[in-house]
Amino acid sequence: MVVPPTPENLERAAQIIRSGGLVAFPTETVYGLGANALDARAAARIFEAKQRPSFDPLIVHVADRGMLQKVVQEVPALAERLMERFWPGPLTLVLPRSERVPGLVTSGLPTVAVRMPAHPVAQELIRRAGLPLAAPSANPFGYLSPTRAEHVERMLGGRVDLILDGGRTEFGVESTIVLLAEKPTVLRYGAVAVEELERVLGRLELQVGAREKPLVPGQLPQHYAPHTPIRIAPPSEIPLGLRKRVGYLAFQEVPKGFKVVKVLSPTGSLLEAAAHLFEALHQLDRLGLEAIYAEPIPEVGLGRAIMDRLRRASSA
Ligand code: TXA
Ligand code: MG
């Protein structure tokens with residue numbers, strides 16, 4: 001059931017979390033599918049609802065530093081600097097895990113991925129529940145992430161106890177993930193640009209993108225994929241005959257001759273393009289097209305997250 005985030009509905013949602021249920025909620029990146037992160041049975045329901053393999057660990061969402069202390073063993077100095085600058089916000093840090101976090105949540109890893117979301121509804125839900133929330137994106141495993149409550153309703157409606165509607169999410173791509181090991185390493189491109197992180201920490205190692213043999217979980221090549229086949233190509237490479245039969249996901253300008261076109265950002269803003277990416281793909285995917293072609297995006301700033309998602313969508 002989709003409900004607005006009134007105080008009564010937030011209280012109801014918090015109650016569902018405390019009793020081991022599932023609540024979908026908005027964050028500034030994408031919608032999350034939340035459960036009590038300290039309860040293995042509640043977390044198991046997330047894997048079941050998403051049909052997610054248990055080797056793909058979950059991100060734990062906290063509302064304050066007190067909650068953070070409960071789920072990690074220690075906060076390294078470099079993590080501290082990133083938190084000061086980017087929390088609350090779309091940055092996930094992989095830190096040494098506390099024994100309190102069930103192994104299912106971290107897929108048995110000695111680390112836990114944690115973030116403090118900036119969205120007021122997410123914060124209020126965590127605060128009212130009084131518990132850290134394990135929450136992956138609220139989509140079936142391998143499918144497009146949800147940026148609206150109705151995406152969640154359509155994909156997982158029957159499998160969640162409540163969906164809090166916070167409108168369209170601000171960033172539209174998931175959080176950036178950084179592992180704080182010996183050398184800080186970016187594991188996933190996301191809503192915080194790597195260039196911004198490097199302004200705080202200097203050069204970062206990169207272990208991002210799809211891999212046939214994932215270095216860490218969640219780097220499977222097939223991810224974020226629509227049902228319609230998707231290919232990356234500039235319009236100039238697509239013959240006119242083919243254009244009539246397929247959809248095009250353009251960055252800035254409308255190319256001629258396609259059956260349907262979605263433009264990500266008429267002004268050429270990467271921030272705006274990221275915010276519209278999944279929504280446009282959800283829309284195109286519902287049209288029963290033969291294929292979707294997507295225009296390559298410049299790989300700077302959020303353009304890296306956009307291209308990462310498009311590449312994975314197209315390798316399905
Ligand atoms: O923006 C986001 O991060 C959204 C919202 C809901 O917060 N959540 C999200 O979660 O994108 P999910 O489940 O779709 O992505 C979680 C990914 C895993 O696939 C894995 O790549 C990484 O986080 N991860 C989680 N725990 C990890 C760990 N201990 N070590 C390395 N990577 C980890
Ligand atoms: Mg996901």
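Contact is taken here to mean heavy atoms within 4.5 Å. The structure is a predicted model, in which local features need pLDDT of at least 70 and side-chain atom pairs count only at pLDDT 80 or more, whereas totals for chains, interfaces and linings use all residues. Residues are numbered from 1 along each chain as its sequence is written, and side-chain values use heavy atoms, with hydrogens and water left out.

In helix H1 (residues 7–18), Pro-7, Leu-10, Glu-11, Ala-13, Ala-14, Ile-17 and Arg-18 meet Val-121, Glu-124, Leu-125, Arg-128 and Ala-129 of helix H6, helices being DSSP runs of H or I with at least four residues and strands runs of E with at least two. By class, this contact has eight nonpolar, no polar and four charged residues. The two helices, H6 spanning residues 120–129, pack at an angle of about 55 degrees with their axes 8 Å apart, and they are therefore oblique to each other (under 35 degrees counts as roughly parallel, over 145 as roughly antiparallel, 65 to 115 as roughly perpendicular and the rest as oblique).

One aromatic pair is counted, under the rule that ring centres lie within 6.5 Å, with planes under 30 degrees apart counting as stacked, over 60 as edge-to-face and the rest as tilted. The rings of Tyr-248 and Phe-258 have centres 4.6 Å apart and planes at 25 degrees, so this pair is stacked. Because Tyr-248 lies in strand E13 (residues 247–250) and Phe-258 in the loop between E13 and strand E14 (260–263), the pair ties together parts that are 10 residues apart in sequence. Tyr-248 is buried, at a relative accessible area of 0%, and Phe-258 also counts as buried, at 10% (buried means under 20%, exposed over 50% and partly exposed in between, with a 1.4 Å probe and protein chains only).

Technical notes
Chains are lettered from A and ligands numbered from 1 in the order in which they are written. Axes are lines fitted to C-alpha atoms, for helices over the stretch in contact, and angles run from 0 to 180 degrees between N-to-C directions. Ala, Val, Leu, Ile, Met, Phe, Trp, Tyr, Cys and Pro count as nonpolar, Asp, Glu, Lys and Arg as charged, and the others, Gly among them, as polar. Rings of Phe, Tyr and Trp (its six-membered ring) pair if their centres lie within 6.5 Å; planes under 30 degrees apart count as stacked, over 60 as edge-to-face and the rest as tilted.
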